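User: I have a chain open here and a few questions about it. Can you take them as they come?

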Amino acid sequence: MGTQWKLETFVIFTVFITICKGQKYITCTTPQNLNACEQVNRTDDIKCLLGRNLVNCLLMTENGEVSFTSVSAEDAFLASSLTKNLVVIAEFTPTNLNGKADFETAVLIRNNIESELNPLKGARFCHPGIDIDKISPLIMKEFEIQTLSQNNLEVCSNEKSKTLAEYYINALDDFFGPSCRPGRWSIVNSTIDVEFKSKYPKLLQLCPPENQKNIFLDSLKCLLNNNGDVALTSLNAIREYNLTAPGALTNYSYLCRNGSRVNVTAGSCTWSRQPWSLLIGNKDSSADLPIDLRNWYVLQPLDGGQLQLSEKYVQSLKELIFPDHLGNSININFDRPSLETYISEFREKPTTENSRLCKFSVGLCVASEEEEKKCKWLQQAALNYGIQPVIDCVTKSSKLECLKAIQNTMADITVVNSNMTYIVNRHNLSIVAFGEEETQYMIRTVLIVNTTTIKSLEDLKGKRGFFSEYGDIAWLAFADLLRQTVWTNPEYYGLELSNFLGNSCMPGIHDTNLEPYPTGVSFEKMCALCGNPTSSSGIESCNADSSNVCYGTEGALKCLELAGDFAVVVLKDKLTLPNNASIMCRNGTLTNNTLNIDNNCALSVTINDQIVARKNDPKNRDIEMMLQELDERFAAQTHTSFRIFDRFGRTKDLIFKDTTLGMEIATISNNKYVKSQIELFENIPRPKTTGDIQDGGEDGNGGGGGANSLHIASFTIIGVSLLSLYWFALI
């Protein structure tokens, strides 16, 4: 950790020095533009930083570390809700196209349909579809949502068998007449998509043959050729269909958001407008940039600016910031409007208050200010894409407090490390999903034995054991192995281990009110070798922190070498086996004095992240669908800049591990590691009564060591940015 901190400090210091040496601007881009970034860095006047993703570039621009960056319309829309120091320097428009909007949605309605939105009941509705990768589904749903809302239609009923997704489709089917609503009705589950379309065929009755090139044209064809009444389309499609000529749309009007109408011969009204890609700047460090851009790219020098760049570097910068390089023109905003003000002219910003379907939201519990900030960006990104249920961010002091909040219905889900699997079970909660990752990043636990005293699993009885921590994943995997091989119908792991083992060290066992212990559990016995294993210092040294020399993987192995028969630990890099020690595999065989084992030998191999919710909660089906869509939108799809599993700012492993690839839903996953982890969780025997858990300090790591503290690691990681430097920083 110290080395990483020094590296990060060095990079920040280097950037500071380069600014002081006369750099006027710093820009930021993503690794896809590495070559252009390196070329820009050859000049002394502009430096280029590489961000891991574009959201990190926006964060650095907001903080003043970067002067400007180029962003897509959706990135700008997201940032406009969450920043206050960003201004719009310029728009990039395709050559030979005018106007500030990439596209503008519009609603056409037959003139013989009564005015206002209310009489649309039973209307034949033509829709383009919502499976467009680069257009937010929310844009494509806003006419539907407003129509249902203004007609006071009760979308949700007391029928609890439906998900929010089906409530919505059912409401459309009830309100509109024969219609055309093509595309995917569920982007994450093809089976659900087919099921909905089979159940609600009226919504596909008017669909013409699809034109894959322009779905807005398809909705116009539905309206004009298939006897539709109202259609969501775009102004570009109307122009392309040659409907702007006099008399072409005599029988139609534009239906506006406020319910009024505009005759097609008198003008138009739009619902949402999508801006072009933008050049965004920090309000304090980009004052001269519009003039400099004018000098470089419009070739009409003005007073001011005066940053001279050679033609070669002007071209390199153009390749870096222009979305399609030579295929764009730049429209410069010399007044530099704030990003929030600029975006407000295009679209309405969704909020949690106006976006809840069925007054339903999911509270995501986080345990730090950094996690809360990432949660707010995730929340807004999900709102912008119309993902349901909407997310509420709930912040608590630790992941243990988050588990309590879920129990008490103050939150609905949280993400915890698999080291907390036993604690989750003791809270009577369930695991609804796992973070998919490569096996090299998973947690492996092992049983290491003194080969002079232990030759088989049966030899463990009465022996002296050292555990990295009471209740952690290694402790749980060891107890589960004994459940399968030695014990008969165990009622409670703590009691069984107390009776089965000799004097041992389970750090933290005496510090918790995790559950009421059955009569017979000996804290003295389970703490006898803690602190100083050669003198049996006992319960006063049984803390789950650094005051106990036997705590953690390294401590357990150290004490095993001094006075033990076996150790149960999490396998880590750069460990050394004690003398006369070997790993004993799950089948009881011994390895040849090596830590290099396969996964079949380990006590357990578990995925790091697990998403926890209440057991048997009716919300869980909607939570699963929400998680799948978050995975699809902000991990699987590459064009969205907010990355749910990637680094956010300079802190690693916020909410999810940075090494997470995607979501595995527990109820449908075929991943063998997910299945074994669920089995490990579900096989924990339930005691007759349960108790409350007490938090042992910030992040649940047992920082205080007090008698009433719970010392079970929650693995909230203090992240340090991994930065690389070649006259740029990878952040």
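User: Is Cys358 buried or exposed, or in between?
Analyst: Cys358 counts as partly exposed, because its relative accessibility is 29%. Buried means under 20% relative accessible area and exposed over 50%, with partly exposed in between (1.4 Å probe, protein chains only). This is a predicted model, where local features need pLDDT of at least 70, side-chain atom pairs count only at pLDDT 80 or more, and totals for chains, interfaces and linings use all residues. Residues are numbered from 1 along each chain as its sequence is written, and side-chain values use heavy atoms, with hydrogens and water left out.

User: Where is Cys358 found?
Analyst: Cys358 is in the loop between helix H13 (352-355) and strand E13 (361-366). Helices (H or I, at least four residues) and strands (E, at least two) are DSSP runs, numbered from the N terminus. Cys358 is not a glycine, yet has a positive phi of about 60°.

User: Which other residue has a positive phi although it is not a glycine?
Analyst: Arg336 has one, at about 45°. Arg336 lies in the loop between strand E12 (328-332) and helix H12 (339-344). Most residues other than glycine have a negative phi, and most peptide bonds are trans.

User: Where is there a cis peptide bond?
Analyst: Between Gln388 and Pro389, with omega about -5°. Pro389 sits in the loop between helix H14 (369-384) and E14.

User: New topic. What is the mean pLDDT of the chain?
Analyst: The mean is 84, and 83% of the residues reach 70 or more. pLDDT is the predictor's confidence in each residue, from 0 to 100.

User: Over which residues is the pLDDT below 50?
Analyst: Residues 1-21 are one such stretch, with 22 contacts in the model beyond near neighbours in sequence. Residues 690-730 are also below 50, and that stretch has 146 contacts beyond near neighbours. Contact means heavy atoms within 4.5 Å.

User: How many residues of H17 are buried?
Analyst: Ten of its 13. Among them are Trp475, Phe478 and Asp480. Helix H17 covers residues 473-485 and reaches 18 Å from its first C-alpha to its last, close to the 18 Å expected at 1.5 Å a residue. The expected span is 1.5 Å times one less than the number of residues.

User: What happens at the start of H17?
Analyst: A side-chain oxygen of Asp472 comes to within 3.2 Å of the backbone nitrogen of Ala474.

User: How many residues are in the largest nonpolar core?
Analyst: That core has 110 residues, and Phe642 and Ile644 have the most contacts inside it. A nonpolar core is a set of buried Ala, Val, Leu, Ile, Met, Phe, Trp, Tyr and Cys residues joined through side-chain atoms within 4.5 Å. Leaving aside neighbours within four places in sequence, the residues in contact with Phe642 include Val55, Trp377 and Phe648. A second, separate core of 85 residues includes Ala474 and Cys559.

User: Last one. Why does Thr61 count as buried?
Analyst: Because its relative accessibility is 0%. Thr61 lies in helix H3 (residues 54-62), and beyond neighbours within four places in sequence, the residues in contact with Thr61 include Leu86, Ile280 and Asn282. Across the chain, 60% of the 731 residues count as buried.

Methods:
Polar contact = N/O pair within 3.5 Å; in protein donor to acceptor, adjacent residues only side chain to side chain.
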